[in-house]
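User: Please take a close look at the interface in this model. Go through it step by step, and then place it in its surroundings.

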Amino acid sequence: MKKRKPSYIRKEYIWAYLFVAAPVLGFLIFGVAPLLYSAWLSFTSWDLVTPPEFVGFENYVEVFHDEKVYKSLYNTVFMMLGIPIGMVVALLLAIMMNRPLKGISYLRTIYYLPVISPIIAVSLLWQWILNQDFGLLNQTMWSWFGIEGPNWLGDASWIKPSMILMGVWGGVGGTMVLYLAGLQSISSTYYEAAEVDGANAFQKLWLITIPLLTNIHFFVIVMGVIGAFQSFSQIYVLAGDGGPEYSAATVVFYIFENAFKYFNMGYASAVAWVLGVIIFIVTLIQFRLSKKWVYND
Amino acid sequence: MKRKPSAKLGLIFLLCFGMLLSACSSGNNGSGSTTNGNAGNKEAETGNKPQEQVKISFMGHGSPQEKEIFMKLIKSYETKYPNVKVEYTSVPPAEYNQKLSTLVASGKTPDVFYVSGPQFYKFAEAGTIQNLQPFLETTELFQEDNVWKQALDRYRFDGTQLGQGDLYGLPKDVGPWAMAYNKTMFEEAGVELPPAEVGKWTWDNWLDAAKKLTKDDNGDGKIDIYGGANFTLEGAVWASGGDFIDYGTGKVTIDTPEFTNAMQWVADLRLKHNVTPSPEDEKALNAYSRFVAGKVGMFPMGPWDQPGFWDLPFEWDIAAWPVNPATGKAGTWVGSMGYSVSSKSKHAQEAFNLAAFLALDAEGQKQNYELGQAVPNLIDMAKGEFVAYDKAPANREVFLDIIEDYGHPPVEFASKDTKWIDTMWQEAGKVWDGRMTAADWAKEMQPKLQELYDKGNK
């Protein structure tokens with residue numbers, strides 16, 4: 001027979017379980033239950049008004065024949081161009097910020113500010129910046145360079161670049177902080193050795209800094225891809241109808257439209273599950289590939 | 001030894017569950033007015049009050065201004081029916097349908113709420129809303145001959161089809177989409193004013209006037225003032241004798257020559273004649289703002305726009321829509337929202353009374369039009385004091401002509417699923433910016449739209 005534990009320890013156990021129970025229960029009720037419910041819904045046709053009706057795989061068959069699923073998927077993937085752009089800008093910023101200059105923390109804060117701003121507010125701000133006739137961007141281009149700017153949000157070929165521009169601006173601060181942390185963890189001995197060998201600044205960047213930051217590149221890419229697959233709010237604000245010719249609609253926007261505009265909850269669930277599987281597979285591939293290029297100390 | 005803690009653990013879990021569940025159900029009590037009504041019920045049974053105290057919920061949408069008007073109207077209702085308390089919620093218009101459907105799905109449908117078009121159809125079919133006919137027969141407020149037939153018919157449903165049978169809703173308003181014009185601008189440019197009587201002005205006259213009004217004010221090569229804006233495709237198509245869809249047969253008819261010619265004409269206003277802003281320009285600054293800023297000569301407006309125009313620094317009025325010279329017909333749409341009563345309402349009579357009061361009570365209708373929100377639902381009032389009302393626009397009878405004569409319900413009104421028409425508008429950009437002719441575009445789009453319509457509506 002095991003020795004009986006002292007009562008104060010048992011009491012602590014109970015408290016521990018109690019504290020653990022709250023989030024676990026919360027997750028079960030608000031996380032797992034809706035998940036299972038939506039899995040079931042994806043096999044039904046439900047308009048919120050009449051009871052769900054079981055339709056088997058019909059929704060999934062339709063997903064694969066739906067032009068708009070492909071279009072929104074294409075848009076979503078296209079907008080991922082913002083990830084490498086953001087990485088380059090963030091890395092350059094991080095290198096610049098990684099100096100013991102006076103007031104550098106203020107600069108870092110400024111670049112980080114967009115990250116903590118609510119995305120809706122940020123989108124509204126950009127709506128004003130990107131306005132064709134009165135926007136800050138086009139006005140500035142016109143008065144400084146005499147260039148007539150494009151219709152950023154109203155033109156099917158410009159709206160995606162606009163979204164990327166905004167995404168890069170909004171995300172670069174977060175990535176920069178990650179890179180800063182990475183830069184500071186690189187031991188100065190590498191650079192000293194390289195200097196002895198006569199390496200120039202570019203060689204140091206290319207052959208030491210960038211390779212030694214691979215685990216951060218990896219993290220940024222994985223999180224960026226997942227985030228991009230899930231982007232919605234800025235589209236909802238800046239292109240409430242999906243943009244001209246539906247050229248700004250992301251998959252999540254399409255899910256939202258199906259669920260809350262057309263009230264096809266079943267179909268929306270099916271698209272959501274397909275998206276979930278896509279994200280899972282893409283992330284899995286990234287992890288597999290990471291073994292070939294991510295360097296860990 | 002081991003059992004004791006786990007039993008306790010189970011208890012804790014149970015407690016947590018209980019807490020969560022009770023939190024949920026208390027949330028129910030708070031927001032669901034029906035339960036409050038229940039409490040009132042019991043009170044009435046046990047006590048000896050002559051009339052039970054009843055609480056009903058009412059949900060609508062609109063501007064802050066509209067909300068204020070409704071607060072006033074609801075107060076008058078509560079004075080008239082002192083045993084009823086109305087819980088009023090006003091939701092931003094863009095989120096309204098979403099919120100309503102979620103409430104319906106979770107069984108918390110408000111007792112009275114706005115509903116129109118596709119959603120009305122769906123709700124009527126699914127039995128979410130009450131047949132109001134039995135109630136209407138008992139109220140003296142409702143004189144069928146004195147309410148716009150064009151408005152009432154939107155809320156009829158016979159079990160399968162819209163437009164006939166019993167009333168499942170009462171019109172909140174009728175919204176004739178009229179052609180407003182900047183009178184001062186016309187006079188300054190020496191252009192003849194558009195007439196109020198339909199048939200005296202054709203598309204050619206409209207275009208002519210628009211050309212004379214369009215100008216580049218500061219000489220930078222960009223047009224600053226456009227003669228017209230938003231000449232609606234719907235209006236042009238209907239004036240040409242075409243339509244978007246034939247609801248009788250369920251056939252999308254955008255590939256007819258009537259449709260494509262009308263569409264091309266609208267597109268050419270910008271592409272060939274450059275008298276209207278492009279859809280992109282529209283996005284940058286919409287027609288409403290342009291008109292208010294004095295940068296557009298003619299553009300369509302609804303009655304609800306009136307209060308916003310009463311303080312403008314220039315004179316304005318409304319004119320009849322120009323007719324297509326080939327057919328001699330004009331067209332535009334008449335919007336409408338309706339009040340419906342939830343079929344699950346525990347206080348259907350009181351809920352109906354509220355809907356009827358808002359839709360039909362003379363005092364309420366008077367307040368509504370005086371505040372510039374709508375054309376009265378009551379025909380005698382509309383043709384009498386409304387037309388004679390001394391605020392702009394002077395040609396108020398244009399509103400009535402549109403309702404009676406050449407106004408159509410909006411295109412989507414009888415589609416349960418509107419994906420097809422939304423897709424049409426999304427893809428129409430190819431015609432508006434001249435990448436495709438209307439005819440080519442329609443040939444390509446028709447099968448796609450037909451498929452979408454069939455999928456969602458059959």
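Analyst: Contact here means heavy atoms within 4.5 Å. This is a predicted model, in which local features need pLDDT of at least 70 and side-chain atom pairs count only at pLDDT 80 or more, while totals for chains, interfaces and linings use all residues. Residues are numbered from 1 along each chain as its sequence is written, chains are lettered from A and ligands numbered from 1 in the order in which they are written, and side-chain values use heavy atoms, with hydrogens and water left out.

Start with the extent of the interface. On chain A, 43 residues are in contact with 38 residues of chain B. Buried area is the accessible area (1.4 Å probe) that two parts lose on being put together, summed over both. Between chain A and chain B it comes to about 3500 Å². Carbon and sulfur atoms give 62% of that area. Val49(A), Glu245(A) and Tyr262(A) supply 19% of what chain A buries against chain B, more than any other three residues.

Helices (H or I, at least four residues) and strands (E, at least two) are DSSP runs, numbered from the N terminus. On that numbering, Glu245(A) sits in the loop between α12 (233-238) and α13 of chain A.

Next, the polar side. A polar contact is a pair of N or O atoms within 3.5 Å; within protein, one must be able to donate a hydrogen and the other to accept it, and residues adjacent in sequence count only if both atoms are side-chain atoms. The interface of chain A and chain B has 10 residue pairs in polar contact, both at pLDDT 80 or more. On the side of chain A that touches chain B, the elements that give two or more residues are α1 (7-41), α3 (67-78) and α13 (251-260) of chain A. α1(A) gives the most, with 7 residues. By class, this side of chain A has 22 nonpolar, 7 polar and 14 charged residues. Here Ala, Val, Leu, Ile, Met, Phe, Trp, Tyr, Cys and Pro count as nonpolar, Asp, Glu, Lys and Arg as charged, and the others, Gly among them, as polar.

Now the charged pairs. Side chains of opposite charge can pair when their charged atoms come close. A salt bridge is a side-chain nitrogen of Lys or Arg within 4 Å of a carboxyl oxygen of Asp or Glu. Over all chains, the structure holds 24 salt bridges. Across the interface of chain A and chain B, the rule finds 5. One joins the side chains of Lys71(A) and Glu427(B), at 3.9 Å from N to O. Glu67(A) forms a salt bridge with Lys448(B), and their closest N and O atoms are 3.7 Å apart. This pair crosses between chains, from helix α3 of chain A to helix α21 (residues 438-457) of chain B.

Two strands pair if DSSP finds at least two bridges between them. Chain B has an open sheet of 5 strands in the order β2-β1-β3-β15-β6, with mixed pairing. Its edge strands are β2 (84-91) and β6 (170-171), and each pairs on one side only. Strands β1 (residues 54-61) and β3 (residues 112-115) of chain B run parallel, joined by 2 bridges. Met59(B) has Phe113(B) in β3(B) as its bridge partner. Helix α3 (residues 64-80) of chain B packs on the sheet and touches β1, β2, β3 and β15 (338-341) of chain B. Axes are lines fitted to C-alpha atoms, for helices over the stretch in contact, and angles run from 0 to 180 degrees between N-to-C directions. α3(B) makes about 170 degrees with β2(B). Helix α4 (residues 93-105) of chain B lies across β1, β2 and β3 of chain B, at about 140 degrees to β1(B).
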